[in-house]
Amino acid sequence: MSHEEFPTDAPAVVTCGLPYANGDLHVGHLRTYVGGDVFSRALETLGQQTAFVSGSDMHGTPVAVNAESEGVSPESFALEWHEIYKETFPKFNVDFDNYGHTHDETNTAITRSIVRTLEQEGYVYEKQIMVAYDPIDDQYLPDRYVEGTCPYCGEHARGDECDEGCQRHLEPGEIEDPISAISGNPAEYRERTHKFFEVSAFSEYLSDFLDGLEGTSNARNQPREWIESGLKDWCITRDMDWGIDYPGADASDESSSDREADGSSDLVLYVWVDAPIEYISSTKQYTDRIGPDVYDWEETWRGDGEIVHVIGRDIIQHHTIFWPAMLRGAGYTEPRAVMASGFVTLGGKGFSTSRNRAVWAEEYLEEGFHPDLLRYYLATNGGFQQDVDFSWEKFRDRVNNELVGTVGNFLYRSLLFAHRNYAGTPDASVSPEVESRIEEAIEAFTAGVNDYSIRDAGNAAVRLASFGNEYIQRNEPWKLTDDDPEQAAQVIFDCVQIAKAIAVLFAPIAPDRCAALWAQLGEDGSVHDVTVDAALVPPARSFDEPEELFEKIPDERVEELNEKLEARVAEATDDDTDDAPGEETETTDTTDMDDIEPLTTDRISFEEFQELDIRVGEIVSAAGIEGADKLAKLEVDIGLETRQIVAGIKQLHDLESLPGTRVVIVANLEKAELFGVESNGMLLAAGEKADILTTHGDAAPGTKIR
RNA sequence: AGCGGGAUGGGAUAGCCAGGAGAUUCCGCCGGGCUCAUAACCCGGAGAUCGGUAGUUCAAAUCUACCUCCCGCUACCA
């Protein structure tokens with residue numbers, strides 16, 4: 001299916017993946033929201049009627065568990081985060097037309113209505129499954145509420161997946177020796193009736209849907225595997241209180257009070273059912289607020305709307321399989337595009353919230369940086385689906401060279417010249433050369449939007465500014481004011497026209513700075529209310545002395561920020577060396593086996609050596625990691641605790657003979673995830689053959705090596 | 001392991017989907033210019049056989065196959 005180019009006559013909605021209400025936002029998260037905001041603003045600049053919505057994702061086991069551990073209700077726990085998000089986004093000029101949350105009345109009502117429709121259409125069936133239950137606290141234990149032993153590898157595992165061991169996803173009822181994660185009570189299994197959504201019925205539809213899906217290619221390609229290998233039906237209910245109650249079979253259920261009625265009484269909907277529905281609900285709330293004559297949510301979601309989902313690439317499947325199947329089954333409009341962003345790395349490595357290795361949203365602002373700078377960086381640093389690396393150095397370079405040097409400088413030099421010599425725009429009209437160059441920029445901008453490339457759209461303005469610098473330089477108006485005043489006026493008029501075009505075309509990326517520029521140009525109204533045509537409308541006659549739009553970031557600031565970050569990481573790392581391990585993993589390589597090569601000439605200090613916590617350990621168990629050629633998972637007793645360590649020794653040793661072997665490990669190496677298995681330390685071994693180091697005597701496990 | 005995304009001058013990135021003059025932009029480097037401008041800006045130059053191998057083609061960074069190395073995903077985590 002091919003789509004008409006933007007702008008179309010239909011209303012569009014741009015949605016951002018819902019932030020999950022249980023933690024702070026960092027620069028990595030911001031990428032998706034900035035991306036969505038830029039895209040929706042750009043659509044509007046093209047003249048497309050657009051709603052931009054999102055909301056907080058309030059439900060789910062993690063919220064319930066975290067709330068429990070803090071001793072507050074899930075609702076107030078999630079609402080607290082919701083309020084924070086709601087306040088944070090505008091600070092980055094991410095201006096949703098509506099920002100709701102999944103627990104509000106609108107979402108509850110629409111969710112129930114959709115689920116009922118799916119039932120009526122015959123897409124939902126019941127099935128008995130085993131669910132863990134805490135008989136002492138009289139509580140069912142879905143997902144992460146239960147812990148126990150993995151039936152496959154014998155590791156300690158969470159109810160939903162073997163998070164420490166083999167990484168398998170566990171079906172409810174599979175885990176052995178279940179205990180409650182909340183109370184610690186031993187749990188038992190009970191047979192429960194759950195609801196399943198017949199996703200498998202949609203495989204043909206979804207396959208066609210993907211063929212016509214626009215956006216980034218990863219969103220189109222990644223889910224194909226699932227369809228080709230056969231879609232599984234989807235359990236859409238959970239045994240818990242926190243969530244949207246599963247709508248009763250009869251149409252008469254109103255609130256959530258009647259939950260003891262029948263077999264499905266305690267069931268709430270799985271969070272991934274009501275989360276995307278918030279896109280619809282949020283749009284409806286927008287309509288409710290401004291009136292259907294301005295924006296009609298039903299035309300969008302039940303008519304011919306242009307639905308664009310902006311998400312992180314980790315939730316592609318939800319938006320390209322489950323969600324369109326639900327929409328289809330319930331008779332809603334299918335999405336036109338899914339834009340799945342790549343991740344943001346920090347200095348080449350993954351963000352790690354537990355190690356505090358992150359640049360937090362609040363922190364960025366507290367450091368005094370303008371939000372538009374970060375927007376520019378995130379939006380234009382690479383293709384949307386590509387990973388983007390953030391570092392203060394790169395940030396400084398791009399701000400100083402591109403925003404200050406190219407864009408800011410062009411605007412300032414032109415407008416200052418215009419103001420000084422003409423008190424505004426000189427009397428002239430745009431030259432053919434500049435007019436066509438601006439038209440070119442508009443085309444590039446439009447093409448960028450239609451390619452779902454916010455980078456291209458953003459660069460259109462920067463390129464135009466670059467042309468402006470070249471143009472003013474080439475024409476040297478400062479020489480012409482005396483020799484050829486008419487020509488000087490012409491050149492400066494052109495420059496002001498370019499400045500105005502930049503204001504229009506760059507506004508999606510830098511809304512605040514472009515609004516300031518617009519005002520500086522003496523234009524009426526808001527730059528956010530105009531469309532691309534305004535770029536060629538003659539500029540206002542008079543304006544005041546301009547101000548510099550962007551400021552340079554001094555090198556010292558970068559050093560300072562890097563030091564702060566390092567110090568913080570060091571502190572966080574120290575903290576968890578000797579106690580609770582953090583949950584987050586880091587993408588680092590521990591597989592680098594030394595070749596027999598030259599000696600390193602760089603010397604390290606004794607202090608640096610002492611930072612290594614090297615210990616004697618004893619292998620308790622060893623097993624190959626399924627699917628991996630070289631990796632083996634080891635349990636190593638290091639006295640104080642038993643560590644899981646992944647080592648590249650699978651084919652080099654007889655794993656069965658390893659238990660009992662005394663080994664040497666680095667205990668404070670940062671954690672890594674190898675082949676999906678967490679490695680908490682490093683086994684020392686020599687050379688390509690991985691000759692395992694041991695001790696000569698019989699030092700006990702845990703003995704420190706120095 | 002399967003699947004997805006990468007591998008392009010010193011660094012970072014574009015192009016590839018719609019194959020065609022030895023390739024974009026930013027930084028860095030060398031040389032020059034300008035002085036309106038936030039030591040900014042403009043011009044010129046050096047520098048890449050576009051991860052490897054084999055194909056298709058008159059023609060491949062761009063298509064196909066295989067391979068290597070990174071990153072990610074793999075459904076009842078959100």
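**Figure 1. Glu476 is placed in the loop between H15 and helix H16 (477-483).** Here helices (H or I, at least four residues) and strands (E, at least two) are DSSP runs, numbered from the N terminus. The structure is a predicted model, in which local features need pLDDT of at least 70 and side-chain atom pairs count only at pLDDT 80 or more, whereas totals for chains, interfaces and linings use all residues. Residues are numbered from 1 along each chain as its sequence is written, chains are lettered from A and ligands numbered from 1 in the order in which they are written, and side-chain values use heavy atoms, with hydrogens and water left out. The phi angle of Glu476 is near 40°, a positive value in a residue other than glycine. Glu476 is partly exposed, its relative accessible area being 26%. The terms are set by relative accessible area: buried is under 20%, exposed is over 50%, and partly exposed lies in between (1.4 Å probe, protein chains only).

**Figure 2. Asn469 belongs to helix H15 (residues 454-475).** With a relative accessible area of 14%, Asn469 is buried. Its side chain forms a polar contact of 2.9 Å with the side chain of Arg413. A polar contact is a pair of N or O atoms within 3.5 Å; within protein, one must be able to donate a hydrogen and the other to accept it, and residues adjacent in sequence count only if both atoms are side-chain atoms. When neighbours within four places in sequence are left aside, Asn469 is in contact with Gly405, Thr406, Asn409, Phe410 and Arg413; contact means heavy atoms within 4.5 Å.

**Figure 3. Helix H12 (residues 371-380) packs against H15.** Two packed helices are described by the angle between their axes and the distance between the axes. For H12 and H15 the angle is about 120° and the axes are 8 Å apart. H12 is therefore oblique to H15. Tyr376, Ala379 and Thr380 of H12 make the contact with Ile454, Arg455, Gly458, Asn459 and Val462 of H15. The axes are lines fitted to C-alpha atoms, for helices over the stretch in contact, and angles run from 0 to 180 degrees between N-to-C directions. Angles under 35 degrees count as roughly parallel, over 145 as roughly antiparallel, 65 to 115 as roughly perpendicular and the rest as oblique.

**Figure 4. Helix H8 (residues 271-290) crosses helix H10 (residues 316-330) at roughly 75°.** The axes of H8 and H10 come within 11 Å, and the two helices are roughly perpendicular to each other. From H8, the residues Trp272, Val273, Pro276, Ile277, Tyr279 and Ile280 meet His318, His319, Trp323, Met326 and Leu327 of H10.

**Figure 5. The largest nonpolar core has 125 residues.** Such a core is a set of buried Ala, Val, Leu, Ile, Met, Phe, Trp, Tyr and Cys residues joined through side-chain atoms within 4.5 Å. Phe39, Phe390, Phe395, Ile502 and Phe506 have the most contacts inside this core. Helix H17 (residues 485-506) gives the most to this core, with 13 residues. Apart from this core lies another, of 52 residues, which includes Leu118, Ile244, Tyr279 and Met326.

**Figure 6. His194 is found in strand E9 (residues 188-197).** His194 counts as buried, with a relative accessibility of 3%. The side chains of His194 and Thr237 are joined by a polar contact of 2.7 Å.

**Figure 7. Thr102 occupies the loop between strand E3 (98-101) and helix H4 (105-120).** Thr102 is buried, with a relative accessible area of 0%. Its side chain reaches the backbone nitrogen of Met58 at 2.9 Å. Among the residues that Thr102 touches, not counting those up to four places away in sequence, are Leu18, Ser56, Asp57, Ile244 and Glu278.

**Figure 8. Asp698 is placed in the loop between strand E27 (691-692) and strand E28 (704-705).** Asp698 is exposed, with a relative accessible area of 64%. Asp698 and Val616 are 82 residues apart in sequence, and their C-alpha atoms are 9.6 Å apart in space.
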